[in-house]
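Please look over the sequence and the fold below before reading on.

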Amino acid sequence: MEEYVVRTTVDRRAMTALARAARKTLRRRRSRLVHTFGMAVTAVMLVLALGNWMIGDRTWLLDLALALLMLVVTASEDTVNGLVGLRQVQPGSREVTAEFTGEHYVHQTGTAVSLWQYDKVQAVCETGEYFILLLDSRHGQVYAKKGFTHGTPMAFRDFISRKTGKLIVYI
């Protein structure tokens, strides 16, 4: 019988990976809209800065600063979303042990134990350091490849793809 056990510490890096996976899969459409809006606002602010600079108005510096701020926020969306998500993790829930068996998997923290069926997983992603199971566009679970205490990441890759019926998206 196939069984995998993974221990993971949920930290800023893990939550950023989770946010990136959600953005590139289940939230892809919304993310494009947000990025398009951000770039449009940046362009407007740059035009305003140029116009104010040309007429000698000192507010061009403020317009330029706001345009740069919008660029930074848009470019660091995953980090910002990861930090916001990390703040929502309950105290005592940052250390996770997950046990994957043939029928289901159990996600256990210091404060809760959850049993999940594989058909609830909407997308499976992989990064260089993590496997990410997305349950919907706002909820997911991240598991460190270095945290396997039973089984290997390579064997788990085939197992989770087979159990969920999903192709693994490499992020």
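A residue counts as buried when its relative accessible area is under 20%, as exposed when that value is over 50%, and as partly exposed in between. In this predicted model, both glutamate 126 and lysine 145 are buried by that rule, and their side chains meet in a salt bridge with an N to O distance of 2.5 Å. The pair links distant parts of the chain, since glutamate 126 belongs to strand E5 whereas lysine 145 sits in the loop between E7 and strand E8 (148–150), 19 residues apart.

Side chains of opposite charge can pair when their charged atoms come close. The count of salt bridges in the model comes to six. One of them joins aspartate 78 to arginine 23 at 2.7 Å, N to O; because aspartate 78 lies in helix H4 (residues 77–88) and arginine 23 in helix H1, this pair ties together parts that are 55 residues apart in sequence. Aspartate 78 is buried, with a relative accessible area of 7%, and arginine 23, at 18%, counts as buried as well. Arg20 joins Arg23 and Asp78 in a network of salt bridges.

Another salt bridge connects arginine 13 with glutamate 129, whose closest N and O atoms are 2.9 Å apart. Arginine 13 lies in helix H1 and glutamate 129 in the loop between E5 and E6, so parts that are 116 residues apart in sequence are tied together. Glutamate 129 has a relative accessibility of 31% and therefore counts as partly exposed.

Leaving aside residues up to four places away in sequence, phenylalanine 100 touches, among others, Tyr4, Val6, Tyr105, Leu133, Tyr143, Phe156 and Ile160.

E6 and E7 pair in the antiparallel sense over six bridges, and a hairpin joins E6 to E7 through two residues. Within this pairing, tyrosine 130 has alanine 144 in E7 as its bridge partner.

On the surface, Leu50, Trp53, Met54 and Ile55 form a nonpolar patch with about 510 Å² of accessible area together. Methionine 54 has its place in helix H2 (residues 28–54), and its relative accessible area of 63% means that methionine 54 is exposed.

Note on methods: Residues are numbered from 1 along each chain as its sequence is written. This is a predicted model: local features need pLDDT of at least 70, side-chain atom pairs count only at pLDDT 80 or more; totals for chains, interfaces and linings use all residues. Side-chain values use heavy atoms; hydrogens and water are left out. Contact means heavy atoms within 4.5 Å. Patches are made of residues with over 30% relative accessible area and no salt bridge: like charges are joined within 9 Å, nonpolar side chains (Val, Leu, Ile, Met, Phe, Trp, Tyr) within 5 Å. Accessible areas come from the Shrake-Rupley method with a 1.4 Å probe; for residues, only the protein chains shown count as cover. A salt bridge is a side-chain nitrogen of Lys or Arg within 4 Å of a carboxyl oxygen of Asp or Glu. Helices (H or I, at least four residues) and strands (E, at least two) are DSSP runs, numbered from the N terminus. Buried means under 20% relative accessible area, exposed over 50%, partly exposed in between (1.4 Å probe, protein chains only). Two strands pair if DSSP finds at least two bridges between them.
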